[in-house]
Amino acid sequence: MSELTEKIKKIFTDEKLDILIGYEKGSLPLRGTPCFIESAEDADKLIFDSTCHNNLAKYLTDQKKTEVDARKIGIVVKGCDARAVVQLVVEKQFERENIVIIGVPCKGVIDPSKLRAKLRDKEISDFRFDGNKIIVSGENFQETFDKNELLSDGCLSCKYPNAPQYDYFIGDPAEPIASKDEYADIDEFEKKPPDERWEYFEKEYGKCIRCYACRNACPMCYCEQCFVDCSMPQWIGKGGNLSDKMIFHIVRAMHLAGRCVDCGACAAACPLNIDVRLLGKRIEREVAERFDFTAGMDFETPPALATFREDDKQEFIM
Amino acid sequence: MSDFEPKIMTFLCNWCSYAGADLAGVSRIQYPPNTRVIRVPCSGRVDPLFILKCLQDGYDGVLVSGCHPGDCHYISGNYVARRKFAVLKKALEFMGMEPDRVQFSWVSAGEGEKFSQVISKVTETVKALGPAKKLVKRIGR
Amino acid sequence: MSVYRIKKDDLSLFLEKLREDFAVYAPVESDGITSFAELEPGQEPAFGILKTQKPPKEVFYPQNEIMFRFNEEGMTPELYDGKPIALFGVRPCDAKGFNIIERVFIDPKYEDPYWSARRKGSLVFALACNEPLLSCFCNWFGGGPFDKTGSDVLVIDTGEDYLFEPTNEGAEKLLSNIGGFEKAEKADIEKAGKLRKKAESSMGEPPKLDSVKETLDNSWNSPLWDRISAKCLGCAVCTFSCPTCYCFDIQDETRRDKGTRVRLWDTCQFPLFTKEGSGHNPRKSQTSRLRQRFMHKFSYMVETLNEFGCVGCGRCVTLCPVNLDVRDFLEKIAAEKDK
């Protein structure tokens with residue numbers, strides 16, 4: 001029995017949890033998958049490692065919608081997941097005392113869409129971690145990847161690998177990866193001429209098949225009805241028009257302004273590897289630099305776009 | 001392009017800019033006829049989606065005008081709107097949209113003269129940019 | 001039906017000749033996405049890909065298809081009128097999927113003109129899978145890595161050569177018209193047989209699914225559904241990537257005095273799919289929506305088409321953001337029976 005399962009069993013009993021949301025081994029190599037534990041004995045199947053890329057905070061708002069009772073829910077969180085939980089509490093999506101936050105140290109998670117793009121149909125039957133390397137092998141091949149090649153983009157510049165707020169913390173806090181400057185991609189992208197930038201977004205968002213996996217994987221997207229699902233009035237068309245796809249992605253990014261925790265769930269969920277992170281990251285930067293705000297760090301600070309200061313900069317106003 | 005007449009959508013706050021437009025009208029102050037007005041209860045009512053929707057429907061520019069800071073009829077609507085628009089403007093600029101197509105201003109009910117100046121300036125800027133191409137929805141691809 | 005042989009190096013010549021009369025679609029990778037697209041002159045298909053991210057069903061049944069254009073004067077119908085379509089390098093699972101979807105779009109009483117316009121006169125060259133993947137389970141539903149259902153020609157990669165095994169006379173005639181083939185020798189056929197055996201045995205024994213329909217029909221209110229759907233995000237990845245999902249929506253895209261009517265993929269996983277005009281939604285929870293997907297594939301389609309609505313391509317398994325594996329579900333259902 002690992003330290004994780006042992007401690008979680010104790011927490012489950014001590015806290016009288018009704019349900020615990022954690023990770024178990026998935027059905028494919030290098031894929032952890034969310035699981036719901038309903039009794040302490042069940043906890044044996046829990047795991048936590050770099051294959052656990054999903055942001056479980058997503059399920060807290062889901063639970064809220066299907067259950068009217070005040071069940072006590074435990075949740076295993078990485079740094080980014082914890083920030084999402086905190087942000088959801090700030091946004092009054094559920095009561096703080098009904099949630100038991102169990103932090104685990106995160107060394108970065110593997111983005112399945114990156115794995116897919118790298119390996120295509122070569123199938124992994126085995127893998128192991130070797131320091132900063134991931135060695136994957138299959139029937140007729142073995143490949144060694146630098147861990148950074150497969151980690152989610154957000155992980156590479158992650159400053160908060162451990163939950164900033166928690167009730168329990170299992171293991172020793174992880175060191176931030178920070179192998180890359182947080183805004184390097186953005187600086188690089190901004191050097192391009194505007195038309196080229198627009199073309200890039202048209203190309204990326206043009207691939208969108210409107211499956212809404214990015215939206216649905218995002219813990220901060222919890223609206224009862226999304227604007228894309230409104231039919232009276234129908235805000236945007238569904239017929240695959242490029243302009244509609246663009247608007248979906250811009251508005252999605254805007255709705256996450258000052259709320260996004262850069263967990264990478266959207267990018268990992270996209271079946272077509274669309275770059276859904278770039279715009280969100282630029283918005284996150286604007287919020288950080290203009291309003292000095294980082295989402296999900298504490299339970300008191302209101303979301304950046306739901307508050308104001310009288311002396312906010314207004315250089316853009318005519 | 002000199003004969004290009006842009007279409008500009010303006011969202012005017014009921015309590016100030018809309019009254020400012022009225023004042024410009026009753027004072028017979030001249031300004032370009034390129035704007036279409038939608039009256040909103042507050043600049044804070046304007047969702048970024050409205051602005052994008054206008055650009056999608058072929059407007060060449062969008063102006064949102066509200067009360068001066070501190071004058072909001074609802075105390076803080078324009079302050080919150082200011083944050084929202086600051087981010088939207090940066091996001092669109094980052095994506096490669098001409099930033100001058102989306103403009104924001106504060107015009108009070110007493111500023112008929114300023115209203116006409118704002119409209120003239122927006123019209124001029126958008127005219128110089130030419131017809132909008134980005135984000136415009138083309139039916140039937 | 002005979003089996004024909006062509007050197008691998010000569011395949012591009014064959015495809016060039018095929019292009020004279022057909023619009024040839026094959027797996028390609030572009031912009032980081034693998035899908036079926038029409039080959040440009042001289043373009044080589046990406047045969048290394050087993051599962052394209054986008055399913056080949058979109059060649060016959062595009063995600064968004066303009067049905068007609070309209071303006072104040074009237075309407076102009078729009079139907080595919082290009083060359084007949086040849087799909088080269090479809091995998092046997094996807095080829096079988098065409099047959100299943102076809103029975104929805106073409107039945108004795110009704111024929112869907114949009115599907116037919118692309119599908120009629122088409123040719124499907126299925127490429128046998130020498131090395132099925134971990135996420136493949138075509139053998140669960142009577143298919144297999146060398147299965148010929150739904151294909152006009154089964155193509156087998158034997159190393160240096162491709163073997164072409166036509167399944168109907170039309171296809172055989174076409175091959176002989178194009179030419180460049182030799183008759184396969186006994187050794188070739190033996191080699192193909194070995195490859196087939198190896199591929200089939202690598203997939204393991206499929207579970208018994210005979211009782212699945214009956215168990216499902218008796219499990220409408222089972223707590224199992226809550227457990228299975230707990231991690232489902234309710235996105236459309238599984239249904240959009242599925243070779244046998246065919247549900248669509250029809251929308252008008254209008255602007256002032258003109259517009260188009262578009263047929264587009266829809267999915268039972270979205271709340272809007274069943275939302276009624278009154279605002280009432282009979283499938284309000286994700287549990288009920290996921291139940292619909294599984295019931296449709298493993299019960300209703302068995303009833304209406306007499307076969308499972310799943311070909312075991314495994315796209316939903318690999319692409320699902322939360323790794324919700326349909327095989328786990330089927331195994332759980334099969335186990336329910338034993339209880």
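This is a predicted model: local features need pLDDT of at least 70, side-chain atom pairs count only at pLDDT 80 or more; totals for chains, interfaces and linings use all residues.
Me: What makes a salt bridge?
Reply: A salt bridge is a side-chain nitrogen of Lys or Arg within 4 Å of a carboxyl oxygen of Asp or Glu. Residues are numbered from 1 along each chain as its sequence is written, chains are lettered from A and ligands numbered from 1 in the order in which they are written, and side-chain values use heavy atoms, with hydrogens and water left out.

Me: Why is the meeting of B:Arg83 and A:Asp312 called a salt bridge?
Reply: Their side chains come to 2.8 Å, N to O. The rule asks for within 4 Å, so the pair qualifies. Across the interface of chain A and chain B, the rule finds 3 salt bridges.

Me: What makes C:Glu253 and B:Lys137 a salt bridge?
Reply: The N to O distance is 2.6 Å. That meets the cut-off, so the name applies. Between chain B and chain C the count is 1 salt bridge.

Me: How do you know which residues chain A and chain B bring to their contact?
Reply: Contact means heavy atoms within 4.5 Å. By that rule, 46 residues come from chain A and 41 residues from chain B. Together the two chains bury about 3,900 Å², 70% of it on carbon and sulfur atoms. Buried area is the accessible area (1.4 Å probe) that two parts lose on being put together, summed over both. In chain A, A:Trp198, A:Phe316 and A:Met318 lose the most area to chain B, together 22% of what that side buries.

Me: What is the contact between chain B and chain C made of?
Reply: It takes 8 residues from chain B and 9 residues from chain C. The buried area is about 640 Å², and carbon and sulfur atoms give 47% of it.

Me: Why are strand E2 and strand E8 of chain A said to stand at the edges?
Reply: The open sheet of 5 strands runs E2-E1-E3-E4-E8 in chain A, with mixed pairing. E2 (32–37) and E8 (168–169) each have a single partner strand, so one side of each is left without a neighbour in the sheet.

Me: How do you know that E1 and E2 of chain A pair?
Reply: Strands (E, at least two residues) are DSSP runs, numbered from the N terminus. Two strands pair if DSSP finds at least two bridges between them. Here 6 bridges join E1 (residues 19–25) to E2, so they pair; they run antiparallel. A:Gly22 has A:Cys35 in E2(A) as its bridge partner.

Terms used
Helices (H or I, at least four residues) and strands (E, at least two) are DSSP runs, numbered from the N terminus.
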